[in-house]
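Subject: Structure handover and contact notes

Hello,

Here is the structure I said I would pass on. Please have it open while you read the notes below it.

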Amino acid sequence: MGRPSKPIISKSSAARAALAVIDEQGIDGLSLQRVAKELGVKAPSLYYHFKNKAELLAEVARRILKDAEVPDLEQYDNWREAQISLALATRASILKHPKAAPLLLQFFPRHLMLAAYNTWTGRFDVPLNQRMVIIEGVEKLTFGSALLGAMSRGAGTPPMPDFDAEQFPDLAASMAADPHSEAEMFEETLRKFLYAF
């Protein structure tokens, strides 16, 4: 089916509608017809912006990252604290949509971050050969934590499964001594990583 000659909807509004459907029904419950209904249009209207469902899903993945409520990073004198704030905002945006989070694995929009990566690597006060370690480490800690948290929330299961404390005494003791929430644990882990440089 051909694309309509004029756009009836925007790419952004279609991605937001798709995200709303996924939040309610999960990825398997998404169809172009369902998104069109959410927008109050016919499914062919979506073909102006998207060739197929995969293109729409890729845009949903980008939308999740674009919607991160990033603070003004210029207020930070310390690039490490700015990176922590950025990572926390990114993680929070992903966790708002746990059913959509797997899309970030399938359609990881790394190209959206290239300009930011270029800017930040110029600010790092570490040797040149360690700067990509920071970029890769922050990215993997952030997305790994967010995706594991989203999977847990989406399935309605605790992040750490129940276990027999007698069988795993060291793990049980460590967990009992840990005062952090899941979000605080992520922030503390990231802080220890960044301040190791």
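What follows is a short account of one serine and of several salt bridges. Please keep in mind that this is a predicted model.

Serine 85

S85 sits in helix α4, which covers residues 79-95. Is S85 buried or exposed? S85 counts as buried because its relative accessible area is 15%, and the cut-off for buried is under 20%. The side chain of S85 makes a polar contact of 2.4 Å with the side chain of Y76. Leaving aside residues up to four places away in sequence, S85 touches P71, L73 and Y76.

Salt bridges

Side chains of opposite charge can pair when their charged atoms come close.

K96 is partly exposed, at a relative accessible area of 48%, whereas E69 is exposed, at 63%.

R80 and D125 meet through their side chains in a salt bridge of 3.4 Å, N to O. Here too the pair links distant parts of the chain, with R80 in helix α4 and D125 in the loop between α6 (114-121) and α7 (131-155), 45 residues apart. R80 is buried, with a relative accessible area of 10%; D125 is exposed, with a value of 55%.

Which parts does the salt bridge between E136 and R110 tie together? The closest N and O atoms of this pair are 2.9 Å apart. E136 lies in helix α7 and R110 in the loop between α5 and α6, so the pair ties together parts that are 26 residues apart in sequence. E136 is partly exposed, with a relative accessible area of 25%, and R110 is partly exposed as well, at 31%. R110 and E136 also belong to a network of salt bridges that includes E139 and K140.

Regards

Definitions and conventions: Residues numbered from 1 in each chain as written. Predicted model: local features only at pLDDT ≥ 70, side-chain atom pairs only at ≥ 80, totals over all residues. Heavy atoms only, no water. Helix = DSSP H or I, 4+ residues; strand = E, 2+ residues; numbered from the N terminus. Buried < 20%, exposed > 50% of the residue type's maximum accessible area, 1.4 Å probe, protein only. Polar contact = N/O pair within 3.5 Å; in protein donor to acceptor, adjacent residues only side chain to side chain. Contact = heavy atoms within 4.5 Å. Salt bridge = Lys/Arg side-chain N within 4 Å of Asp/Glu carboxyl O.
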